[in-house]
Amino acid sequence: MSLTRSTGAVLAKELKIELRTHDLTNTVLFFVLMVAGLFSFAFSPTVQESRRILPGLIWLAFFFAGTLMLQLCFVREQVNDTLAALRLAPIDPSAILFGKILANFLFLVVTEIVFVPIFSVFYNVNVWPVMGQLLLVLFLGTFGLSVVGTVFSAMTAQARMRELLLPLLLLPVLAPVLIAGVEATSELLGAHPGIGREWLSMLGGFDVIYVTATWLLSGFLVEE
Amino acid sequence: MRNFWSILAAYLAAWAIFFVYSATVGRRLARLEDEFRRLRERVSKD
Amino acid sequence: MGPAGDGQRQQIDGTVQEMEMTTKSKQRVWGLAWVATAILLALAGYAIFFVAPRELTMGNIQRIFYVHVATAWCGFIAFFISFFGCIGYLASRQMEWDWLAVATAEVGLMFTTVVLITGPVWAKPVWGVWWVWDARLTTAFILEMLYIAYLLLRKMVTEPGRRAMISAVFGIFAFLDVPLCYFSIRWWRTLHPAPVIGGGPGSGINPVMWHVFLFGLAGFLALTVILVRDRYRMEALRQKISELAADLEEREESLESKEVTR
């Protein structure tokens, strides 16, 4: 079975589980909603201020939501040791990782599509004119988050204190994505909306680097 | 000498870190060597 | 104990004696190395304060340069070796590579801590603030976080083979991240001075300063080498101890079973 087809099969399996239970999407949607509220209680920004802090806020909310969600993607395979069954399947081991990466990416993308308008309302920043570009920036960053997060989730699945460990590993590694993402978003939401091509290519470049590293290392991660 | 205290503080901090880290490594190493020796004696005694 | 057990015991005794001899002479050599490094660092300290000339624009505070830059280099060299340790482990599955990776990561972290402490002390009188989030400072900060995470990860996984593999994968991701971090911030204006040494045309350094710097660097590099060696030896000893403990347990079990049959 080719890598794309087996990746598709793993992705379909993840989506089927999620559509049956809605565990991840429900939790993450609630979490982001809560964070959107809490940030405004903590800073009570004026309209002017919220234009300035909103980019960072959106990114932090999705980053924390992502680390929460990614925790589960390998841990929940352990309950019935279904990962062993996946490993036995005659497919490239990287297909397991890539399938899960795509699934996590899709869950986060859904959350973002729902929440960008809500953030826009809560913080009185009109994002409609730049909606398409904003989502593009968010998707590029989220893809990096899903790739690294899924890889680290596979790594820490058997570690002690994994719930605490994953954010500690993930957040410093994702710092460049956060920096580039927040900068690009600030430019979009600034007084003269526009997008620097360098930020987009930088985010895209990060994704390519992370995917390449994952592809090279996936054999070590899924084996055993 | 301008900034004398800053320089002194920086150097003291740096040297303190070197010293403390070297001492901890030395202590941990000595403890492991001890344990190794003890176990080895037990193995060759049996 | 049967004849097989005796043979095994003789073999163990033989290797034990052999090890005793080599460790004795080795210990002497490394003890000397420690003394030499301490003297070298003390001399470097003297040279920094009494031999090196005063810098014209920054004044005496510039003397932090010798320790700040030299430790930064040592830290970075250590992390670089750690990166190769990670790759080496994944390629060969030899524990020695993992030991090298963790030893250099920990020593590198120690040096980065020194860099992060001496930096703000230097920045305060020169820039007027302790800290700015520019490319170099942020990268140094992220570097510190990444290797703290690396060491934490190692603490949380107990099985040595698994720990070696997981931390090697993380180590590779962490090290690849450093240039990404640097370039993602370089788009902002950077406050940190450009490298004085080898920073292209216009950069340069007084020859006396340069020699003092090299002297200090030699001391810190020597410190790096012996610390890495000691830290590496700790990992090697840990493995030997767990092997011996397993061996002892096995024997006790076999003795017990013999008594039961008797």
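Two residues count as in contact here if their C-beta atoms, placed from the backbone, lie within 7 Å. Keep in mind that this is a predicted model, in which local features need pLDDT of at least 70, side-chain atom pairs count only at pLDDT 80 or more, and totals for chains, interfaces and linings use all residues. Residues are numbered from 1 along each chain as its sequence is written, and chains are lettered from A in the order in which they are written.

Let's start where chain C meets chain A. That contact draws 23 residues from chain C and 22 residues from chain A. On the chain C side, the elements giving two or more residues are α4 (135-156) and α5 (160-186); helices here are DSSP runs of H or I with at least four residues, strands are runs of E with at least two, and both are numbered from the N terminus. α5(C) brings the largest share, 13 residues. By class, this side of chain C has 21 nonpolar residues, one polar and one charged. For those classes, Ala, Val, Leu, Ile, Met, Phe, Trp, Tyr, Cys and Pro count as nonpolar, Asp, Glu, Lys and Arg as charged, and the others, Gly among them, as polar.

For a close-up, take A:Leu169. Leaving out residues up to four places away in sequence, A:Leu169 touches A:Phe152 and A:Thr156, plus C:Ala149, C:Leu153 and C:Phe170. A:Leu169, C:Leu153 and C:Phe170 turn up again among the residues with the most contacts inside the largest nonpolar core, which has 135 residues. Such a core is a set of buried Ala, Val, Leu, Ile, Met, Phe, Trp, Tyr and Cys residues joined through C-beta atoms within 7 Å. Buried means that 20 or more other C-beta atoms lie within 10 Å of a residue's own, against 12 or fewer for exposed, with partly exposed in between. The largest share of this core, 15 residues, comes from α3(C).

Now for chain B. This chain has one helix and zero strands, and its C-alpha atoms fill a box of roughly 70 × 10 × 5 Å along the principal axes. Of its 46 residues, 15% are buried. Chain B does not touch chain A; their nearest C-alpha atoms are 23 Å apart.

Chain B does meet chain C, and of the two pairs of chains that touch, B and C have the most contacts. Here 33 residues come from chain C and 28 residues from chain B. In chain C, α1 (3-51), α2 (64-92), α3 (95-127) and α6 (207-261) each supply at least two residues, and α6(C) gives the largest share, 15 residues. This side of chain C has 19 nonpolar, four polar and ten charged residues.
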